There are 2 protein chains.
Amino acid sequence: MLDNDPAHAFMPYPPVSVPNAPSGPLAGLTFAAKDLFDVAGYPTSAGSPQILAMSGIKTGTAPTVQRLLDAGARFVGKTITDELAFSMSGKNAHFGTPVNGAAPDRIPGGSSCGSASAVSNNLCDFALGTDTGGSVRAPASHCGLFGLRPTHGGVSLEDCHDLAPSFDTCGYFARDGETFTQVGKVLLGADGNALPEKPRLLRASDAFALLDRPVRDSLAPAVRQIEAILGKADETDVATEGFTVLYWTMRYIQGREAWTVDGPMIERLKPPMGPGVADRFEFSRNVTDQQVMESQTIRSRFRERLAALLGNDGVLILPSMPDIAPLLTDSDEALNDYRNKALNLQCLSVLSGLPQVSIPLASREGAPLGLSLLGPAGSDLSLVHLAARIAQAPQRG
Amino acid sequence: MLDNDPAHAFMPYPPVSVPNAPSGPLAGLTFAAKDLFDVAGYPTSAGSPQILAMSGIKTGTAPTVQRLLDAGARFVGKTITDELAFSMSGKNAHFGTPVNGAAPDRIPGGSSCGSASAVSNNLCDFALGTDTGGSVRAPASHCGLFGLRPTHGGVSLEDCHDLAPSFDTCGYFARDGETFTQVGKVLLGADGNALPEKPRLLRASDAFALLDRPVRDSLAPAVRQIEAILGKADETDVATEGFTVLYWTMRYIQGREAWTVDGPMIERLKPPMGPGVADRFEFSRNVTDQQVMESQTIRSRFRERLAALLGNDGVLILPSMPDIAPLLTDSDEALNDYRNKALNLQCLSVLSGLPQVSIPLASREGAPLGLSLLGPAGSDLSLVHLAARIAQAPQRG
């Protein structure tokens, strides 16, 4: 596989046999895992040359990877991640930029870039990623894939390199609704809070208002496609604190946690880090206790309010990303601006811990654009089913 | 060691026990090896995240490393090298810049940067490097160390990542003449062509003429120090073809060989490479057969002429480097210009295959500056002895 890899999606590790069950619900499917997850026989880099050097060869396999192997899926490789998973571009300054299979002149999005690249280039059927601040939803939207960020804590991240543990989640990508559902059944198990056949539909008016007009227009048919199945959505504002407040709340907490995880290594080894990543860790180092405390208060209040808004039966429509993927040739500054804009959309599920599914329902200038559904805690598999159902429905003009 | 490493000289691999003989001529000495050499229990990166990823854990130890272990020296770690050893700055874009122990605000020089850093920061007694186009002599001069580039083929490079095999040599660094000699005896064995007690001294006038006046002035006392021991040097021009011709001869051959070694990996994985390194491989990819053929002819003629000039008893004084180490803050362009200037001096031993020792005899602006002796093939250990003898002699004003 590696000698004929058009996508540079995979880490170039020497291939090692990773046994899977001969039969099971995922038999016949191939999968890859973001190089944050330990797989016995392989190192784990977390996209960092230093972490790779310190890794050694792992002797254990992360339980979530093992779960897929036990279900019969065949492991084909570890995929490139953004450096320490702390970027949304999919450009790793050390390991390269995996190719966006749906728009090869555009960034794949990250940090689960290699996983989205592998699936979008047909190098495997599905792939594990992680989503801390958008790292599944961004590449899913950019590469035209189904992608789930599950309820926080819903899928095990044991033996997986942390970024910001109170935000980190284990998500996945698939090209089609059927595979997306098959994998979801194995990975997510039964919902603690299954959605009704026709959930109550809400539309995050203030989130859509963040988009440029042409992007909103591109998403409009997809919204109608959902309403055709679930009924007219109620308009609602979700960020009554304002998106700026939520954005900083997320960044302060993420920064503090990221520095707690990776700061000691960074202080000790002073690794040269890629554009943006170094700046973000510098920001993280300087987050104050006061900022963290205030952010925790805001987070709790927001969490309660969004949970109350959705209840047990509400599903919120929101844009997955501010736009189609930026071009590979865009400047680092432009990518950073795009990232900050994107974080406004990402922070709703991040701060609330609620599951969000990105569905490949739209496009613009020939590149894909996802639309998202955010549901109550424990409604993950329902959202996955719903995503598949919506994607199958005929598109309304 | 790693948790208290002021020099960032070492690769952050998990420490593995590497057994050495309990006694022997190097008992009590510690050493490090450039991360091009295989050491059982460790990966080998060659300064490249891709080579590191592909490496796996090596099961064998390079014979040259083993020779030192068998002589009782204790291995303390693998040192950072410039990316794929194809740089002279000592700045690795992925693994960082080891600290120059003699001039911490200046580059250590490369590509054996970590080895020179480790020795100059007293983290070990001596260290293995390699020298293809100056990679031992540059950091030796910059970090105030003794450094040997041996006769080509004189010290085994088995289980060592190649750069340009017909130029590659295995050299080493030490802080003092005694250790330099002790290690030389083990590493080099007896000379095939031992120098007389008072070799015939030559001074490469045209090489000194390449230097700026203040640098020449700084080296003058060191030249007199040598002449006080060996007698007045005869002035001679060594590059009758012109340094520019020799420079390109070296670059074309090195480029072709480097592309043969690393090109397939670069074509396949498209690794993001650091400043200068990417350009040099791009240059290497484009070297033509015609350029290589012409260069081989020039090289043969030069080789014969320099060998004839030295005979069995001649020793040539030449500057190790064009100047003290550039500042860490100097631009990539300035470093590249400095490198090209330095290659004019390096190419004499590179093209001829003759051994060269750099002796820490001078300084300028508080930073060290080496002076070199180049001898006949097989006179390596004599040069090492001579270097120690000269360094011990009282300095003449």
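**Figure 1. The elements that line the largest pocket of the predicted model.** In chain A, α9 (277–285) and α11 (332–352) each contribute at least two residues to the lining of the largest pocket, where helices (H or I, at least four residues) and strands (E, at least two) are DSSP runs numbered from the N terminus. The largest share of this lining, six residues, is supplied by α11(A). This is a predicted model, in which local features need pLDDT of at least 70 and side-chain atom pairs count only at pLDDT 80 or more, while totals for chains, interfaces and linings use all residues. Residues are numbered from 1 along each chain as its sequence is written, chains are lettered from A and ligands numbered from 1 in the order in which they are written, and side-chain values use heavy atoms, with hydrogens and water left out.

**Figure 2. The largest pocket and its centre.** The largest pocket has a volume of about 450 Å³, and of the 25 residues that line it, S89(A), P275(A), G276(A), D332(A) and L335(A) are the closest to its centre. On a 1 Å grid over the protein atoms alone, a pocket is an open set of points with protein on both sides within 12 Å along at least five of seven lines, a cavity is a set of points where a 1.4 Å probe fits but cannot get out, and lining residues have an atom within 4 Å of a point. Grid points are joined across faces, edges and corners, and a volume is the space filled by probe spheres set on the points. The lining of the largest pocket comprises nine nonpolar, seven polar and nine charged residues, where Ala, Val, Leu, Ile, Met, Phe, Trp, Tyr, Cys and Pro count as nonpolar, Asp, Glu, Lys and Arg as charged, and the others, Gly among them, as polar.

**Figure 3. The second largest pocket.** This pocket holds about 350 Å³ of space, and among its 21 lining residues S87(B), S89(B), P275(B), D332(B) and L335(B) lie nearest its centre. Two or more lining residues come from each of α9 (277–285) and α11 (332–352) of chain B, and α11(B) gives the most, with five residues.

**Figure 4. The second largest cavity.** About 90 Å³ of space lies in the second largest cavity, whose lining includes Y13(A), P14(A), L52(A), L52(B) and A53(B). Its lining residues divide into nine nonpolar, two polar and no charged.

**Figure 5. The rotation axis.** A rotation of 180° with 0.0 Å of shift along its axis superposes chain B on chain A, with an RMSD of 0.0 Å, by least squares on the C-alpha atoms of residues with pLDDT of at least 70 in both. The two copies are thus related as by a two-fold rotation axis. Of the residues of chain B, P49(B) comes closest to the axis, at 2.8 Å (C-alpha).
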